[in-house]
There are 2 protein chains.
Amino acid sequence: MTIRSFIPPHRILMGPGPSDISPQVLQALSRPTVGHLDPLFITMMDELKQLLKYAFQTENEFTIAVSAPGSAGMEACFVNLVEPGDKVIVCRNGVFGERMRENVLRCGGEVVLVDDEWGTPVSVDKVAAAIEQNPDAKILAFVHAETSTGACSDAKALGQLAKRHSMLTIVDAVTSLGGVPLLVDEWQLDAVYSGSQKCLSCVPGLSPLTFSALAIEKIQTRTAPVQSWFLDQSLVLGYWSGQGKRSYHHTAPVNSLYALHEALLVLKNEGLENAWARHSKMHQKLKAGLETLGLSFVVDEASRLPQLNAVYIPEGVDDAAVRRYLLQEYNLEIGAGLGALAGKAWRIGLMGYGARSENIALCLKALQEALQR
Amino acid sequence: MTIRSFIPPHRILMGPGPSDISPQVLQALSRPTVGHLDPLFITMMDELKQLLKYAFQTENEFTIAVSAPGSAGMEACFVNLVEPGDKVIVCRNGVFGERMRENVLRCGGEVVLVDDEWGTPVSVDKVAAAIEQNPDAKILAFVHAETSTGACSDAKALGQLAKRHSMLTIVDAVTSLGGVPLLVDEWQLDAVYSGSQKCLSCVPGLSPLTFSALAIEKIQTRTAPVQSWFLDQSLVLGYWSGQGKRSYHHTAPVNSLYALHEALLVLKNEGLENAWARHSKMHQKLKAGLETLGLSFVVDEASRLPQLNAVYIPEGVDDAAVRRYLLQEYNLEIGAGLGALAGKAWRIGLMGYGARSENIALCLKALQEALQR
């Protein structure tokens, strides 16, 4: 087999992520690599922390990017905050709630499941009842924006509920960060992780992460060692911390961090509120078009994420054939269904740089054509 | 604080990694992102596996890149192969042997340490004695190329020794892959991990990894679940496997994998043997110059890595001041000492694209100047 340089086509990414990346961010990505302990790189990391704090709306000192994808960010939260025997209430209304359950079990924790139907948000009432029945539960874990369904849960109400019972929260904000309001400090969330490749429109491979003072306290007072060396945040702290000398932990993914810095700068320059408003406005536009095509949404309007539009595949339509047609004829990627929605729904992403009129017009026209074949 | 785009200077990277990256690889990095389940991307991943097999000199079907830095590659080996209570012989002759010990403990394994002095290779005789005394040991773990000292251990002899006692091997090849001979199949090594940012001259953030059939068998027959979800290779297999439909595990770091594909293509086009010869030749050139400057090596010639030259800092010379001068005046990065060698040695890397005459001439001239100040 003769292998040549890989020259990818220019896809338009309207799936559940990775999302479209602006030329500006791709350009930042390919700037010359510097050492991960270079003074200039450390200055850039300090700026990156500032920008991440802005995106998360937090003053948490521990606000960094994990050097691995969102699922490692999830694991970083669980391995650092859950000790063997700890009881954790896990809300499951899609694929990522189930993954949280897996994480707790692998940490030796005890899971109390609160199940909600796929496509619906987490029921705050059910969670309240579960807490009532499990006063010894230490942590509440839930997904803010379920990427597998497009449902947005009430992170504010869930955060406040947990605080009333002195519980820590672990929150999956992979798809929400930058796309819908997420106010880490105001909502008193403790451990929140995200992904670089969704509404931040950066390359995949990094997981923004923030820990509150309470989360840090839990880490510092835990008795069992963290089972992961790579994700032990008490070690990572020595590299990302602003105080004194940086100590080597692992080699940071230098170029990907350049790209994240640039992507966050784009977000800051637009303004968070403006970015949220743009996602909402673009969603309205897409929604109108999809409804004209006769497609109906998986999630009710009240809890629908503007950046992730899951719609049912009409009866008799060949799921794979439509997606193949869009990709081959238009270089357009939309997402397949995942888990319980596999073969039943498409997931159309409007994330970050991808949430713009050009993409919507193309998607609607191409989809119309594909459905009429 | 006003934050602007980060425009790094063009550093010449002659530390312990990241190493100099060719413009060709940086260009590949910034090509348009495609989806991680795009058919074209999956074809690229198949090619990447072929190229990795060539670099590792293996036919192992499970040969992939972990979506995180080398320390996660290390952890992937330990969490998948070590079960609680398993006895592991760990060879420690530098920072990374110590990290292996940490990993075994965090997996609930029992460590038998074989210590050798920093700067010396692992003693095959000591390991043989340790195996004799611990016939129930299941795994032998050692570092092929110690990045903290520049010592190369005899991976062939250690691999054969382990096989004679039906033990599995876990081998750190972070700094060796592409720089010195590493013959995974011929030496019967079982779990070997590396890093993208050393002699492959790719961006940091990926960890090439290969598992032998015996390693896979151990994973498939283990009774305790793997403690890490992100690094559970039985799950990752479903995404990287060539058979049938790819299943989603995590979002692959698409652009970094483009760069690795290109970097491996560069290696294949040069030819492994030629790359090894070039590293050796460049080392001779650097060595002659360093000795002229009166610098002496930490590691004996017989076990010295050509790609990582650790030399003692002459008495009375200000370590940090010299490195700062090189960086500020010449944009040249050399590495500080690590662990027991901190403040006592410099580590001068000649890795991959960085192992070329221009770099050596610059380094020698600049270092001479810095030492005479």
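Biologist: How many residues does helix 4 of chain A have, and how far does it reach?

Modeller: Helices are DSSP runs (H or I, at least four residues), numbered from the N terminus. The expected span is 1.5 Å times one less than the number of residues. Helix 4 (residues 95-106) of chain A has 12 residues and reaches 17 Å from first C-alpha to last, close to the 16 Å expected. This is a predicted model: local features need pLDDT of at least 70, side-chain atom pairs count only at pLDDT 80 or more, and totals for chains, interfaces and linings use all residues. Residues are numbered from 1 along each chain, chains are lettered from A and ligands numbered from 1 in the order written, and side-chain values use heavy atoms, leaving out hydrogens and water.

Biologist: Which residues of helix 4 of chain A are buried?

Modeller: Buried means under 20% relative accessible area (1.4 Å probe, protein chains only). Among them are F96(A), M100(A), N103(A) and V104(A). Just after this helix, G108(A) has a positive phi of about 80°.

Biologist: At what angle do helix 3 and helix 4 of chain B pack?

Modeller: Axes are lines fitted to C-alpha atoms over the stretch in contact, and angles run from 0 to 180 degrees between N-to-C directions. Here the angle is about 45°, with the axes 10 Å apart.

Note on methods: Helices (H or I, at least four residues) and strands (E, at least two) are DSSP runs, numbered from the N terminus. Buried means under 20% relative accessible area, exposed over 50%, partly exposed in between (1.4 Å probe, protein chains only).
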